[in-house]
Structures are given as structure tokens and as C-alpha cells.
Amino acid sequence: VAAGLADGMYHQGLLLKDLKYDVFGYVAVVILIVYAPLLSFLPALSRCRFKGLLDLGKLVWDHDRAFEKKWLEEGADHRQDLVGSPDISSLADAGTIYEHVNEMRLFPFDLKAFAVLIIAAMAPFAVLLPVKEFILSFGELLI
């Protein structure tokens, strides 16, 4: 693609500004080629997250009820043992695990990896022009 655009730029006098839709189209196709296969994981991740939220939600609920019954109900005479009790630690751990499952993304997407992909897709076009001209043309491209 970069060679075809270079041919148009050097032999037909086209500017990078004139070819911006070709460049953006190429980048869009690269993004689709890389990320489209990841969509196949969407149903499995969705089921996993839903099941995890249900199972962990029940576990956290049961744990909360047992904690409340043991430490907070009337007649709990061992409240002085509350500090340093492993019950509090496991309560916090269960809540943390639930939050991790709740924050699970359904599409495996990372903004840094996406930026690297765009830079890698644009890299072939950088060698077509001298550096100064490329920077000026790239600035015009964004305008």
C-alpha cells in the first residue's frame, strides 16, 4: 500500500493530504484484521463473567451473612476478638475477588496495544518522505 501511494506521490504529484482516506482506510483494515478474531471470545467471556458474578455474588452474600451472624447479632459476646480475626480478612478478600470479576472486560482490548498497532500500521508511510516533509504532511493530514 505504501509503495502504491509512493508511486502516486512521486509520479502523479499527489500529496499525502490527497491520500489521507487511503491511509486511514489501510489503518482501519489493519485494525479489523487484528481485532476481529478477538470477537470470537466475546460470548465465552460474557458467559464466564455472568457466571462468575452469580457464583461469587452468592459466595460473598453467604459470607456476609455468616460474618454478621457471628460478630454483629445480639448475644455475640466475643466482640473483643474482632481485631486480628481471619474472618475480616476473608471478607475483604471475597469482596476484592468479586470486584475483579465485576471489572472483567468482555472484549480483550488494551489502549496501549491499540496505539502501538496504529503506529506500526503507519510506519511504512514514514519512509516515503523526508522526515521534515513527512512531519509537515502528517500535521496537514490531521487538520
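Predicted model: local features only at pLDDT ≥ 70, side-chain atom pairs only at ≥ 80, totals over all residues.
Lys 58 is itself exposed, at a relative accessible area of 53%. Because Asp 62 and Lys 58 are four residues apart in helix H3, about one helical turn separates them.

The structure holds two salt bridges. The other joins the side chains of Asp 55 and Lys 51, at 2.6 Å from N to O. Asp 55 and Lys 51 also belong to helix H3 and are four residues apart, so about one helical turn lies between them. Asp 55 has a relative accessible area of 42% and is therefore partly exposed.

Which residues of H3 are buried? They are Gly 52, Leu 53, Leu 56, Val 60, Phe 67 and Trp 71.

A pair of aromatic rings is described by the distance of the centres and the angle of the planes. The structure holds two aromatic pairs. In one of them, Tyr 26 and Phe 125 are arranged edge-to-face, with 5.4 Å centre to centre and 80° between the planes. Tyr 26 lies in helix H2 (residues 20–35) and Phe 125 in helix H5 (residues 111–126), so this pair ties together parts that are 99 residues apart in sequence. With a relative accessible area of 25%, Tyr 26 is partly exposed, whereas Phe 125 is buried, with a relative accessible area of 4%.

Tyr 35 and Phe 114 form a tilted aromatic pair, at 6.0 Å centre to centre and with 45° between the planes. This pair likewise links distant parts of the chain: Tyr 35 is in helix H2 and Phe 114 in helix H5, 79 residues apart. Are the two residues buried or partly exposed? Tyr 35 counts as buried, because its relative accessibility of 10% is under the 20% limit. Phe 114 is partly exposed, with a relative accessible area of 21%.

Notes: Residues numbered from 1 in each chain as written. Heavy atoms only, no water. Phe/Tyr/Trp six-rings, centres within 6.5 Å; stacked < 30°, edge-to-face > 60°. Helix = DSSP H or I, 4+ residues; strand = E, 2+ residues; numbered from the N terminus. Buried < 20%, exposed > 50% of the residue type's maximum accessible area, 1.4 Å probe, protein only. Salt bridge = Lys/Arg side-chain N within 4 Å of Asp/Glu carboxyl O.
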